[in-house]
Amino acid sequence: MRMYQSTAVRVDAMLEDLRTLVEVESPSRDLDALNASAHAVAAVIESRLGGRAVLVGSQAGPHVHWSGGGDPRVLVLGHHDTVFPLGTLGRRPFRVEGGHATGPGVFDMLGGLVQAVHGLAALDDLSGVEVLVTADEEVGSGSSRALIEERARACGAVLVFEGAADGGGLKTGRKGCGTFEVLVRGRAAHAGLEPEAGVNALVEAAYQVLDIAALSRPEIGTTVTPTVASAGTSDNVVPAEATVLVDVRVESAREKERVETAMAALAPHLDEAEIVVRGAVGRPPMPESASAELFEIARRLLPGIQGRAVGGGSDGNFTGALGVPTLDGLGAVGGGAHADHEYLVVDAMAERAHLVTGLVNAIRDGGTGRKAGGAGCSGGLPGVTGAAGRPGPGSSASGTRGARVRPGP
């Protein structure tokens, strides 16, 4: 199998589009900024691929959807929200120097979006291709998950354009991940006059941190890590409340269920203390089996490319967990995701765009892809408007379980 393209991609044109997207800042949850960003993404897609990109309104901001028509065969998946607050561009403007492009979001994941669009533009036939660019990946994909899963089932194969793994490798597996909040309720009292009259929520939280940390099983890939804690109001008051945030990563559905069950069962150590637990492993694990077929195609197209299972999550977790063939890490080669030193390697952009071209052709030629039910390209999308219109309300989904309250003994 050879790398195929009908039109050579132009790196200068990719950098032009990348500059356009980076200079429209798009922090998650900022609806005005995300609206502007969605219009910019839609304009880039339309200018390079033709047709009409539509905005899918949601509570988290507009998602962008484009279809090449025909029977859906492959979903190109990305997001346009970033972790950087408004004003970051003023400190770190888009630049191309020394073979690197820098600026907020170049690696995670605006560079990947641009490479994907230009790789698709090199095709002489775009039938069967869909592009979905969501507005809330960085904050859990609560409003986009249902749409992602619907289009993944309809298309039967998913290419995810998150940044590449170290050294430019593809991401062939991902841990499931989620955040829990543990709220401890005690009773305030004067710390000097009658501390025994209180119920010290900070002491209870300390017990809980040890119980929570003990749930880790790193030998099988499970990490349960208390990360943020807060308690108390004054140095002479027995704390009445404390909060602990917990990061969870798991490699299997069995471990997801074990940790969720154990977190829900946390019990107080102090009399009259109460525990409230919220959260879940919102992104299920993406098993390496989900990427196996597509990764073999990628290796034939680009001999020597490596695959790696990683701990971070993406929207590929959702599609891989459905059993839809999913290959991740197809985006920019670079590093520094979520950091001030974020960068993209310019010399790798053309090769990655050509990889998109070859993968899409191979999938449409019957290389892989399994439909898992769902509507085709002609099915309606919730809250859709044209790229120039006002997004309507969309649906939302939550990965958070209901709170559980457990009183002390």
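Helix H4 (106-121) gives the most to the lining of the largest cavity, with 4 residues. That cavity has a volume of about 80 Å³. The model is predicted: local features need pLDDT of at least 70, side-chain atom pairs count only at pLDDT 80 or more, and totals for chains, interfaces and linings use all residues. Residues are numbered from 1 along each chain as its sequence is written, and side-chain values use heavy atoms, with hydrogens and water left out.

**Cavities**

- The structure holds 3 cavities of 30 Å³ or more.
- On a 1 Å grid over the protein atoms alone, a cavity is a set of points where a 1.4 Å probe fits but cannot get out; lining residues have an atom within 4 Å of a point.
- Points are joined across faces, edges and corners, and a volume is the space filled by probe spheres set on them.
- The largest cavity is lined by 14 residues, and Ile45, Leu113, Val117, Val131 and Val133 lie nearest its centre.
- Two or more lining residues come from each of helix H2 (31-49), strand E3 (74-79), H4 and strand E6 (129-134). Helices (H or I, at least four residues) and strands (E, at least two) are DSSP runs, numbered from the N terminus.
- This lining divides into 13 nonpolar, 1 polar and no charged residues. Ala, Val, Leu, Ile, Met, Phe, Trp, Tyr, Cys and Pro count as nonpolar, Asp, Glu, Lys and Arg as charged, and the others, Gly among them, as polar.
- The second largest cavity has a volume of about 60 Å³. Its lining includes Leu21, Glu25, Phe84 and Leu110.
- By class, the lining of the second largest cavity has 7 nonpolar, 2 polar and 1 charged.

**Largest pocket**

- The largest pocket has a volume of about 1100 Å³. A pocket is an open set of points with protein on both sides within 12 Å along at least five of seven lines.
- It is lined by 50 residues, with Glu137, Glu138, Val139, Gly140 and Arg283 nearest its centre.
- Elements giving two or more residues to this lining include H4, strand E8 (170-174), E9 and strand E11 (241-250).
- The pocket lining has 14 nonpolar, 20 polar and 16 charged residues.

**Helix H2**

- The 19 residues of H2 should span 27 Å at 1.5 Å a residue, and the end C-alpha atoms are 26 Å apart, which agrees. The expected span is 1.5 Å times one less than the number of residues.
- Buried residues of H2 include Ala33, Leu34, Val41 and Ile45. Buried means under 20% relative accessible area, exposed over 50%, partly exposed in between (1.4 Å probe, protein chains only).
- The cover over the buried residues of H2 includes helix H1 (11-22), H4 and E6.
- Glycine 50 follows H2, with a positive phi near 75 degrees.

**Histidine 79**

- Histidine 79 sits in strand E3. It is buried, with a relative accessible area of 1%.
- Its side chain makes a polar contact of 3.3 Å with that of aspartate 108, and one of 3.2 Å with that of glutamate 162.
- A polar contact is a pair of N or O atoms within 3.5 Å; within protein, one must be able to donate a hydrogen and the other to accept it, and residues adjacent in sequence count only if both atoms are side-chain atoms.
- Not counting residues up to four places away in sequence, histidine 79 touches Leu113, Val133, Glu137 and Glu138, among others. Contact means heavy atoms within 4.5 Å.
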